[in-house]
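Here are my notes on the structure you sent. Please read them with the model open beside you.

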Amino acid sequence: MRVMEGAKVRRATIGDVPALAALRREWTFEDAPDGTVGQDDFDDEFARIVSDGLDTGRWVVWVAEVEGEIVSQAFVGVIEKIPRPIAGFSKIGYLTNVVTRPEFRGRGIGSRVLDAVTAWACDSHLELLVVWPSEESVSHYERHGFADRGEPLVWKHPEHAD
């Protein structure tokens, strides 16, 4: 894998929200069949949730940019654990929306973003990061220290159950 030298990895700011929404939209429809209809209020809903999350620290987003354009992103939802009367970790992270634009894949950019996420998670004393990877991305996560500990028990809304 050829590592791209010109990519800058940093934490996202509220000013990045429109670019983050655009990348999420592109990824969502990347393999969608023709005629797939998008959500009319997506941009507004995305901006509301992500801006609030960035402002409060509920979401921490890492991005890679090349020549000022965001080409990769990774979102971490920070979840506070209920305190216990013993010393221990107080937060976990939900890693999601890990996306690199197709033309920038295979250049080490996603790895650099994931390295930034895991370094931040260590510095922030997160107990763990949870991710539900696609089959194609499992080895990518394993190379970055993620291990299969078995599926968690998951409840799904009846309207979305398999």
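1. I start with one side chain in this predicted model. Trp 120 touches Arg 11, Val 60, Trp 62, Val 76, Val 78 and Leu 126, leaving aside residues up to four places away in sequence.

2. Trp 120 is also, with Leu 95 and Val 117, among the residues that make the most contacts inside the largest nonpolar core, which has 23 residues. At least two residues of this core come from each of strand E2 (59-66), strand E3 (69-80), helix H3 (109-123) and strand E5 (126-130). H3 gives the largest share, 7 residues.

3. There is a second, separate core of 15 residues. Leu 23, Leu 54, Trp 59 and Val 99 are among its members.

4. Next, the sheet. Strands of a sheet pair through backbone hydrogen bonds, and the pairing can be parallel or antiparallel. Here 5 strands form an open sheet in the order E1-E2-E3-E4-E5, and the pairing is mixed. Strand E1 (8-11) and E5 are at the edges with a single partner strand each, so one side of each has no neighbour in the sheet. From one strand to the next, the twist averages 25°.

5. Which way do strand E4 and E5 run, and how many bridges join them? They run parallel, and 3 bridges join E4 (residues 91-100) to E5. Tyr 94 has Val 130 in E5 as its bridge partner.

6. Helix H1 (residues 17-28) lies across E2, E3 and E4, at about 95° to E3. Helix H2 (residues 42-56) packs on the sheet and touches E2 and E3. The direction of H2 makes about 105° with that of E2.

Notes. Residues are numbered from 1 along each chain as its sequence is written. This is a predicted model: local features need pLDDT of at least 70, side-chain atom pairs count only at pLDDT 80 or more; totals for chains, interfaces and linings use all residues. Side-chain values use heavy atoms; hydrogens and water are left out. A nonpolar core is a set of buried Ala, Val, Leu, Ile, Met, Phe, Trp, Tyr and Cys residues joined through side-chain atoms within 4.5 Å. Buried means under 20% relative accessible area, exposed over 50%, partly exposed in between (1.4 Å probe, protein chains only). Helices (H or I, at least four residues) and strands (E, at least two) are DSSP runs, numbered from the N terminus. Contact means heavy atoms within 4.5 Å. Two strands pair if DSSP finds at least two bridges between them. Axes are lines fitted to C-alpha atoms, for helices over the stretch in contact, and angles run from 0 to 180 degrees between N-to-C directions.
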